[in-house]
Amino acid sequence: MADVDPDTLLEWLQMGQGDERDMQLIALEQLCMLLLMSDNVDRCFETCPPRTFLPALCKIFLDESAPDNVLEVTARAITYYLDVSAECTRRIVGVDGAIKALCNRLVVVELNNRTSRDLAEQCVKVLELICTRESGAVFEAGGLNCVLSFIRDSGHLVSALRAA
């Protein structure tokens with residue numbers, strides 16, 4: 001973790017046009033590895049503080065042109081933050097439109113596309129973790145309707161695709 005410059009990592013996370021997507025994806029993968037492999041959460045949060053990194057991650061979801069592969073890794077990073085600290089929930093809820101953007105990704109999922117399917121799975125995980133702490137925010141963002149529509153329209157395919 002000492003090799004990672006958090007300012008550079010954050011700068012790369014905030015990129016997002018054309019070739020910059022590659023840098024953004026590298027930063028997201030690096031952040032996921034830091035969060036997943038950290039043996040000291042406090043030190044990890046000092047290096048990549050949720051107050052700075054979670055809004056940047058949420059803004060990626062607000063970018064309607066962000067591709068599914070970038071969004072899937074973004075959702076995974078958000079999941080790792082939420083797994084470690086309940087305090088992270090309010091930081092996500094505090095970003096206007098972030099929960100709605102997560103929900104909307106379930107509406108446009110393409111289950112025949114592996115990356116899109118993985119993205120939907122990560123979005124459901126994020127929404128589930130947020131619901132355990134701030135269910136009202138998910139409800140107000142239309143999360144219940146999005147998840148129920150996803151289950152109604154695609155539920156029978158999800159288990160069939162997972163088995164394949």
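Predicted model: local features only at pLDDT ≥ 70, side-chain atom pairs only at ≥ 80, totals over all residues.
**Exercise 1. Which helix gives the most to the nonpolar patch?**

Residues are numbered from 1 along each chain as its sequence is written, and side-chain values use heavy atoms, with hydrogens and water left out.

Solution. Begin with the members of the patch, which are Phe-139, Leu-144, Leu-148 and Ile-151, together making a nonpolar surface of about 410 Å². Patches of this kind join nonpolar side chains (Val, Leu, Ile, Met, Phe, Trp, Tyr) within 5 Å, taken from residues with over 30% relative accessible area and no salt bridge, a salt bridge being a side-chain nitrogen of Lys or Arg within 4 Å of a carboxyl oxygen of Asp or Glu. Next, place the residues in helices, which are DSSP runs (H or I, at least four residues) numbered from the N terminus. Phe-139 lies in helix α8, residues 114-140, whereas helix α9, residues 143-163, gives the most, with three residues.

**Exercise 2. Decide whether Phe-139 and Thr-79 are buried or exposed.**

Solution. Apply the cut-offs: buried means under 20% relative accessible area, exposed over 50%, and partly exposed in between, with a 1.4 Å probe and protein chains only. Phe-139 has 57% relative accessibility and therefore counts as exposed. Thr-79, at 6%, counts as buried; Thr-79 is placed in helix α5, and its contacts (heavy atoms within 4.5 Å), leaving aside neighbours within four places in sequence, are Gln-122, Lys-125, Val-126 and Leu-129.

**Exercise 3. Check the span of helix α5 and describe how it is covered.**

Solution. The expected span is 1.5 Å times one less than the number of residues, so the 17 residues of α5 (residues 68-84) should span 24 Å, and this agrees with the 24 Å between its end C-alpha atoms. As for cover, 13 of the 17 residues of α5 are buried.

**Exercise 4. Find which residues touch the most other members of the largest nonpolar core.**

Solution. A nonpolar core is a set of buried Ala, Val, Leu, Ile, Met, Phe, Trp, Tyr and Cys residues joined through side-chain atoms within 4.5 Å. Of its 52 residues, Leu-31, Leu-57, Phe-61 and Tyr-81 touch the most other members, and α5 supplies the largest share, nine residues. Now follow Leu-57, which is among the buried residues of α4: apart from neighbours within four places in sequence, its contacts include Leu-31, Ala-77 and Tyr-81.

Methods: Patch = residues over 30% accessible without salt bridge, like charges linked within 9 Å, V, L, I, M, F, W, Y side chains within 5 Å. Areas by Shrake-Rupley, 256 points an atom, 1.4 Å probe, with all protein chains shown as cover. Helix = DSSP H or I, 4+ residues; strand = E, 2+ residues; numbered from the N terminus.
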